[in-house]
Structure formats: C-alpha cells, structure tokens
Amino acid sequence: MVLIKAVGIYVVLIAFTRLAGLRSFSKMSSFDFAVTVAFGSLLASTVLAKEPPLAQAVVALAALFLIQYGVSQLRIRSSLVVEAVDNAPVLVMIGPDILTENMKSVQMTKDDLYAKLREANVTRMDQVRAVVVESTGDVSVLHADPEAPPIDSDILHGIRDKDAYLDSTPLG
C-alpha cells in the first residue's frame with residue numbers, strides 16, 4: 001500500500017507542478033517557503049501513514065496549490081497582501097559596519113554573519129558593500145573590491161530601514 005500511495009502522490013505532485021509551474025516550490029517569499037514545507041509534510045504523511053487516504057491527500061495537495069497560486073496572484077496585485085504574508089528584507093551590514101540592532105531583530109549572531117561572509121568568499125571587511133537577510137531567511141552578501149563602482153541603490157529596493165543607512169554610508 002505504501003508503494004501505491006507513494007507512486008500515486010508522486011504522479012499527482014508532478015501533474016500539479018506542471019500545471020502550476022516551478023514557482024510552486026520556490027522560496028521567493030516566506031509564504032512560499034511555508035507552503036513548500038506543508039507540501040513535504042503532506043507527502044510524508046500520505047506515504048508513511050494509513051491516514052490520509054490517497055484521494056484525501058490529492059484534494060489537500062490541490063488545495064495547497066490553489067492557495068499558493070491565489071496568494072501569489074494577490075501579492076502581484078496588492079502591496080497590502082505583500083505586507084501581510086512576507087517579511088521585509090533587513091540590512092544587517094552596510095560597508096564594514098555591522099548593524100547590531102538589525103541583527104538582533106532577525107536573531108542573527110556575529111558568528112552567523114561571519115559564516116555567511118566566508119561562504120561569499122569575503123576575505124576583507126572593506127570588500128563588503130551590504131549584507132541583507134532576505135524575506136526567506138537567506139542571507140545575501142554584496143561585495144566587491146574597494147575600487148569597484150558603488151552598488152546601484154535599486155539593488156536594495158524594499159529593504160527595511162535602508163534609507164537611514166544609505167544617507168550616512170556610501171556603498172562604494
């Protein structure tokens with residue numbers, strides 16, 4: 001029975017993904033991430049447990065796809081929906097300056113930050129232009145040689161409190 005349910009839910013998942021598109025499993029927003037986790041939970045419980053039956057799991061999967069599609073369409077049309085379902089990206093470093101209060105707000109430690117800098121191949125603090133904790137929780141490290149042109153401010157669009165830091169700190 002496990003094999004039948006696994007094959008059945010796999011086929012349905014592939015079909016729904018082909019209909020809805022790959023964005024169904026993206027991490028573009030915190031809502032997308034939550035739905036992706038819900039997909040995984042539903043698939044695991046369907047395959048490994050006696051309940052829910054396959055038909056019920058297919059209906060639940062369809063509902064999740066429809067909810068995800070509906071919310072993504074609403075996000076395109078309404079900034080209120082974006083504010084309701086998404087976290088705003090947060091600047092945690094501007095140039096070589098660590099923004100301690102912002103790090104606290106996203107519950108990031110200096111050790112976490114340094115690990116992300118190393119992952120991005122930053123070898124000197126003067127290479128750092130900005131570090132952003134994205135709405136998904138991913139960390140973006142923007143870096144370049146100190147002599148390189150400054151970052152285009154449009155790259156930092158939508159980041160919480162960016163203007164307060166951009167006014168006082170050059171990104172070049």
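## Gln-127

Gln-127 sits in the loop that joins helix H6 (110-119) to strand E3 (128-133); helices (H or I, at least four residues) and strands (E, at least two) are DSSP runs numbered from the N terminus. The model is predicted: local features need pLDDT of at least 70, side-chain atom pairs count only at pLDDT 80 or more, and totals for chains, interfaces and linings use all residues. Residues are numbered from 1 along each chain as its sequence is written, and side-chain values use heavy atoms, with hydrogens and water left out.

With a relative accessible area of 9%, Gln-127 is buried (under 20%; exposed is over 50%, partly exposed in between; 1.4 Å probe, protein chains only). Apart from neighbours within four places in sequence, Gln-127 is in contact with Asn-121, Val-122, Leu-142, His-143, Ala-144 and Asp-145; contact means heavy atoms within 4.5 Å.

## H1 and H2

The axes of helix H1 (residues 2-20) and helix H2 (residues 30-48) cross at roughly 150° and come within 8 Å. Axes are lines fitted to C-alpha atoms, for helices over the stretch in contact, with angles from 0 to 180 degrees between N-to-C directions. H1 is therefore roughly antiparallel to H2 (over 145 degrees).

From H1, Val-2, Lys-5, Ala-6, Ile-9 and Leu-13 meet Leu-43, Thr-46 and Val-47 of H2.

## H2 and H3

The axes of H2 and helix H3 (residues 54-77) come within 10 Å, crossing at roughly 175°. This makes H2 roughly antiparallel to H3. Contact residues include Phe-31, Asp-32 and Phe-39 of H2, and Leu-61, Phe-65 and Arg-75 of H3.

Notes: Parallel < 35°, antiparallel > 145°, perpendicular 65-115°, else oblique.
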